[in-house]
Amino acid sequence: MTDVIAWPPFDLTGWELDEVYPQSRSVGLIEGRPRTSSAQRARRVATANITGIGKQQAGAGYVRMLNRLWAGRPNLTRIEACSTLWYPYRGGYDLRNNVLEWTDDGTELLWTEGSATLLWGDGAYALSGVPAADGAWYALTVSGLPPSRIVARPSELISVTDTTGATETAYILTVIRSNVDGVATIRTDKATAFTLSGLVSIGHAESIVFEAQGVPRSVQGVTGTFGYQWDFREVFVDEYSDGWTEIDPWA
């Protein structure tokens with residue numbers, strides 16, 4: 001099995017997240033028209049700048065230990081990737097939700113109201129959503145939002161989870177403001193209509209396995225700070241014949 005090492009608790013100083021779509025381009029011999037088509041699967045790419053010092057003066061040490069754990073094998077790491085948006089953009093309004101699971105000695109407990117199963121979330125706002133359409137775009141109509149403010153921005157993730165635990169996720173397409181009742185229809189890039197209703201989360205991280213394109217080095221000066229730049233390319237488990245083993249040495 002190929003090890004996937006959890007990303008260490010680095011202190012970020014810069015971040016970029018995007019997709020690449022490899023293309024094949026050809027020109028017809030007779031009519032001379034160019035033709036473009038997808039050549040390979042799309043992948044996310046990222047660049048992370050980290051400080052070599054950090055709040056615990058441990059940045060450079062984590063870089064070295066991560067390299068030792070890889071020990072010449074594929075440089076795979078799982079990153080809980082934050083949005084491409086400017087990090088203070090939420091302004092104190094956290095709209096992320098995770099479903100809480102209740103158990104009794106390992107047995108799952110269900111919460112109901114009458115015959116309806118209830119979902120419990122750990123977010124500051126109990127957001128609920130139902131499938132909707134916004135013109136030609138598939139959307140979710142979400143209630144429980146803070147009223148009369150921007151609640152969604154392009155490239156953020158939005159997900160809806162129903163009472164069975166099934167989840168559907170998409171990217172938000174444009175800036176959305178809630179009405180005075182805390183309701184908004186949020187347009188997404190989803191290629192098919194949402195089929196689920198339930199607990200909604202907005203702005204949560206993407207969990208991605210990347211391959212680091214080399215291990216960076218940085219020289220520490222006598223004074224001042226120093227840093228490292230990491231460049232990443234997304235990889236998929238079906239590209240590794242022996243599968244993956246996930247390891248978190250930092251927990």
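From which domains does the lining of the largest cavity draw at least three residues each? The structure examined here is a predicted model, in which local features need pLDDT of at least 70, side-chain atom pairs count only at pLDDT 80 or more, and totals for chains, interfaces and linings use all residues. Residues are numbered from 1 along each chain as its sequence is written, and side-chain values use heavy atoms, with hydrogens and water left out.

The lining draws at least three residues from each of domain 1 (2-25 + 38-82 + 207-247) and domain 2 (99-204); these bounds come from an automatic or database domain assignment. A search of the whole structure finds 1 cavity of 30 Å³ or more. A cavity is a set of points, on a 1 Å grid over the protein atoms alone, where a 1.4 Å probe fits but cannot get out, and its lining residues have an atom within 4 Å of a point. The largest cavity holds about 50 Å³ of space, a volume being the space filled by probe spheres set on the grid points, which are joined across faces, edges and corners. Among the lining residues are Leu17, Cys82, Ser155, His204 and Glu206. By class, the lining has 4 nonpolar, 4 polar and 2 charged residues (Ala, Val, Leu, Ile, Met, Phe, Trp, Tyr, Cys and Pro count as nonpolar, Asp, Glu, Lys and Arg as charged, and the others, Gly among them, as polar).

Glu206, one of the lining residues, also forms a salt bridge with Arg44 (2.5 Å, N to O). Arg44 lies in strand β5 (residues 43-51) and Glu206 in strand β21 (residues 206-212), so the pair ties together parts that are 162 residues apart in sequence. Strands are DSSP runs (E, at least two residues), numbered from the N terminus. A salt bridge is a side-chain nitrogen of Lys or Arg within 4 Å of a carboxyl oxygen of Asp or Glu, and the structure holds 9 of them. Both Arg44, at 19% relative accessible area, and Glu206, at 8%, are buried (buried means under 20%, exposed over 50%, partly exposed in between, with a 1.4 Å probe and protein chains only).

A salt bridge also joins Arg78 and Glu246 (2.7 Å, N to O). Arg78 lies in strand β6 (residues 76-81) and Glu246 in strand β23 (residues 244-247), so this pair ties together parts 168 residues apart in sequence. Arg78 is partly exposed at 24%, as is Glu246 at 44%. Arg41, Arg43, Asp238 and Glu239 are linked in a network of salt bridges.

Definitions and conventions:
Helix = DSSP H or I, 4+ residues; strand = E, 2+ residues; numbered from the N terminus. 1 Å grid on protein atoms, 1.4 Å probe; cavity = no way out; pocket = protein on both sides within 12 Å on 5 of 7 lines; lining within 4 Å.
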